[in-house]
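User: Got a model open here. Can you walk me through it?
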Amino acid sequence: MTIEVKEKKMNNRIDPPPIWQPCDSGDGILWLIMNDAKRSVNLLSIEALEALSTTLQELRIHPPKALVIRSGKPSGFIAGADVAAFANERHPIRLMAYIRLGHEVMDTLANLPFPTVAVIHGHALGGGLELALACRHRVVVDDPTTRLGLPEVQLGIHPGFGGSVRLPALIGHAAAMKLMLTGRTLSAREAVRLGLADLAVPPRHLETAILDLLSTAASRRTCSGFRSRLLVHWPLRPLAALAWHRATESKAPAHHYPAPHALIDLWHQHANNPQAMLEAEQKSVAALATTQTARHLTRLFFLRERMKGMGKGSLAGIHHLHVVGAGVMGGDIAAWVALKGIRVTLQDSHPTRLGPAFKRAAELFSRKAGGWRQAREAMDRLIPDLNGDGVAKADLVIEAISENLSAKQALLIELESRLKPEALLATNTSALSLQELALVLKRPERLFGLHFFNPVEKMGLIEVVSGPLTHEETTKRGCAFAVSLDRLPLLVQDSPGFLINRLLMPYLLEAVLMASEGFSVASVDAAARGFGMPMGPLLLADQVGLDIILSVCENLSVNLNCAAPTLLRERVNSGHLGKKSGQGFYHHPPGKPARPVQSGRQAPEDTVDRLILPMVNAAMTTLRQGVVTDADLLDAGMVFGAGFAPFRGGPLSYAKSLGKEEVTRRLREISIRSNGRLEVDSGWKTFDFATETIPVEKGHEQEYHKRTTYYFTTVGKNLIRLIPGTG
Amino acid sequence: MNKNSSNQAQWVYLVDGIRTPFLKARGRANPFSAADLAVAAGRSLLIRQKFDASQLDEVILGCVMPSPEETNIARVAALRMGCGPGVPAQTVQRNCASGLQAVDTAVRTILSGQGDLILAGGVEAMSHAPLQLNASFVDWMAQWRIRRGWRSKMELMATLPRCLPRPFSVLLKGLQDPILGLSMGQTAEHLAHRFGIKREEMDAHAVESHRRAVLAQEAGWLKEESIVLADHAGIIYAADQGPRPDSSPEKLASLQPVFDRSWGKVTAGNSAQVSDGACWLLLASAEAVDRHDLHPIARVSPASWAGLAPENMGLGPVHAMAHLLARQELTVADVDAWEINEAFAAQILACRRAMADTAYCHKEMGLDTPMGEIPDNKLNIDGGAIAIGHPVGASGARIVWHLARILQRIQKRRGVASLCIGGGQGGAMLVENATCAA
């Protein structure tokens, strides 16, 4: 690889600028600026490590008074190791070579005979922070965008460039392990408080502070806490390891998520011998990198990046959002968008409905805005609007009124007449067809769906729905808007239940059915959790609200084969709606954990199949119908939007791990016993398990186009507007 | 028509306006600071304009007493409303007419060619008026910090009883004439005595003010000129809290005088209500009206200001209006609607008597004939500050905005808005209907 790079350099007339640019400030202090021109963020790729290694070797021969390392990227310091190289490297020897190179560079850096300072702004994560840890001092820029952490466990591995040794030495074993096991990132001030950074400095004093630091502090900082030192000796070391294993097991079971447990084992065996630990860390991380879990988690990492990039190239251009309908969804969407820095007018004809929306907004801002000034700014951006004055100014209007076709159509007609020409129109419907809504519009190409999930604050995914008449640029801007709200956009085609509800419904209904068959609520939920779901389906149903589940189910049952189980109807009719009413499948005493309402037989062995496979089958249906672009986005959508077990990579990834024969065999088995509830999807026959592709049926889209063409050719545009509800 | 043709260039257009509901100050602070109120109203006004907030040439806000964290409250409000850093802002103060002063400053700025589009208004959160400590105690505390050594501190300690902390309400201090030491209510008592106004007449005026305000509320006229406010607890404030449908002469008669407690006639019931509120007006030159395709509802010219003895401050409107009418070559009969701020029932009754009184008009203002009587059905036809409330800095802007809307409603041409001003002044402004052909 090295040779290749060098050859390229020779062939090119113009050398690309070096990744590491030394810059002598004239006072003997050498500033080493990292700027990888080929990437948008700095990564510790093999190339970057090799270049750094060369530079450091030279510095050992001609030592400066001090070395300051910082990033030339405005966005941040170093975002980590090259995850792509890590994940795609199936060859254990080449993988080991990469890890070893990282270790060598960090060791060289740590053993330089002159003071070294890492100056950190923006993200210093994973390998980036490990490089900073190998420096003698760390100075962080006091800014909200500064984040430091070792989040490797989220990718199914643990720190691999010596971080698991250097972080405990710096901030103490307990704090370091907590940070590495959770993957939590720290703000600038938290980093100083923990001792991870020497100083948090506003940008205007950065250089002065560094010079000051170099002239006063001479010795290397280490954590001298008595308790921390005690922790590495017998008998505390095995006890601490045991406690961490236990605490981790509840969140990340070892057979699903081996990385944090491997990290604890590593610490347990070598905590008192840093040199041995450095050696062992390399082997441990190399072994982890080839596990299924790591592979799935890194794939999801890149899928997340892909989804974040969905809106790229087209600017959302949403500076003013207008929301119609101040119900729970409308109000919470408005508040979240205002929190994210966009001006929002919230319209409702009833002033009294605005009250609860503003109350929830004020609570959200006080928790999330990061200070009373920021909370006040967010509140100033959220404007109550009884008359709908905001429509004419808005770049995007979202309607979130009750799910009633003619009411929504009437509203859309009225909104369209007052909209700016370049403004977009979105609906938060989860029940109605976008196409039918679009038919009443003069310019249906700017209508799209923005399906937020409840609670808006917690759900990290938004379904961006494209109808048959929606223009591509419209959904592109919609995706960019979702990204600007720190949400992942999932582009879906207009179809009943879109993706998330469509897939969750068979899973939830099957669980309800099992409860009505006399299986205990707790054991059904336990089976799903055992599979890796963060929460059992019946508890999830309680959280969402049984009435909501019932109404979504009824909406879907018009087009799809999913009848609501009698038990669900009974619960709703008797007023047991789940958490919001205090009882559903569980009792929900305020401030206490939920208790199951009914006990019963232990759920049988094949419960997981009964719950999960209908969802997997529905995934195939939606993929075949082209509701989502590809299997990757389907998996990502289900993991980020519905909490599908991340280490399994998503429903189709799970199917793939079972294999074609096994999936179809088990599906047929369930189908036979299901009384016709489940029909094995035809897509399994044509699905290519290796490439995860399937020939998409155009049937649905063709149907849409036929109908639309009919309207536009025979009925005429004007007539359509006069007869709303004809779709 | 001909009377004003020479003054054609003297007009500035009133394009739009808005205010918050006026909230009663009930002893403890309302949930909104003065800046909160100004921002809530202003952002809603800006939202419905065709131009961007950053295109404003200036923001001018009248406020008698911004809180310490709101110095130059106009700038605070402008930035929080999203006008952007490039729009300058100034706060103006002329006591009870600060809101009118803001409008006047805007009008004069536009007429002088230094701006085309100005947001002007007034605000006051009287319920937020702070308590302050007496100067002697503040001085004592400063000494405590300066002095070193226990002996010196002990000596200082001995002087403490002479300057114990005595907190006082800044609001009440502000409502006291700084020259005479009379409270505003006492100046009203003075006028009642001078013009022989009886308690029953004052109470009757107050009842009528409430009756008219309640009617206007029921008709939706007050709601149309206001926004709704939403506080952090989710409470919605959709209407003025002042007007009382159940006000009656009997109820008002039962109230005790508050300023001259023993023999006085001025009660809380026949005085303006202490309240919180904000009001904004959008003013534009003819050129800006064309450029942004605006639809003005009224046009205004610079205000007339007059001074008189501080104890007669309640008669300020008479002097200011006399000046205004003379300047515009108008008589009382030419005016279709009057909005005179009701600081006190006694004060507004005194104004009406003084205007009709030959001796007063001759002696005090050098007029050969009295100005004339304002017909009851043209004065404060939707009630006044006794019912709606008087957030001191905001009232001047409110009556101009409300007058413009009245002229629209009754389809008449001319109106005069006027206020009395603590310290012995009066201010008056002519408002003309911009859409009425008459």
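Analyst: Domain bounds here come from an automatic or database domain assignment. For chain A that assignment gives domain 1 (16–290), domain 2 (315–493) and domain 3 (500–686). This is a predicted model: local features need pLDDT of at least 70, side-chain atom pairs count only at pLDDT 80 or more, and totals for chains, interfaces and linings use all residues. Residues are numbered from 1 along each chain as its sequence is written, while chains are lettered from A and ligands numbered from 1 in the order in which they are written.

User: How far apart are the centres of domain 1 and domain 2 of chain A?
Analyst: Their C-alpha centres lie 42 Å apart.

User: What's the average pLDDT of chain A?
Analyst: It is 88, and 91% of the residues score at least 70. pLDDT is the predictor's confidence in each residue, from 0 to 100.

User: Where is pLDDT below 50 in chain A?
Analyst: Residues 1–10 are one such stretch, with four contacts beyond near neighbours in sequence. Residues 701–727 also stay under 50, and there the model has 25 contacts beyond four places in sequence. Two residues are in contact if their C-beta atoms, placed from the backbone, lie within 7 Å.

User: Switching to sheets. What is the strand order in the eight-stranded one?
Analyst: β13-β12-β11-β14-β15-β16-β17-β18 of chain A, open, with mixed pairing. The edges are β13 (382–385) and β18 (488–493), each pairing on one side only. Twist averages 25° from one strand to the next. On terms: helices (H or I, at least four residues) and strands (E, at least two) are DSSP runs, numbered from the N terminus. Strands pair if DSSP finds at least two bridges between them.

User: Do β11 and β14 of chain A run parallel or antiparallel?
Analyst: Parallel, with four bridges joining β11 (residues 320–324) to β14 (residues 396–399). In that chain, His322(A) stands opposite Val397(A) of β14(A).

User: Which helix packs on that sheet?
Analyst: α27 (residues 631–642) of chain A, touching β17 (461–466) and β18. Its direction makes about 125° with that of β18(A). Axes are lines fitted to C-alpha atoms, for helices over the stretch in contact, and angles run from 0 to 180 degrees between N-to-C directions.

User: Now the interface. How many residues of chain A are in contact with chain B?
Analyst: 17, against 15 residues of chain B.

User: Which element gives the most on the chain A side?
Analyst: α16(A), with eight residues. β12 (343–347) and β13 of chain A are among the elements giving two or more.
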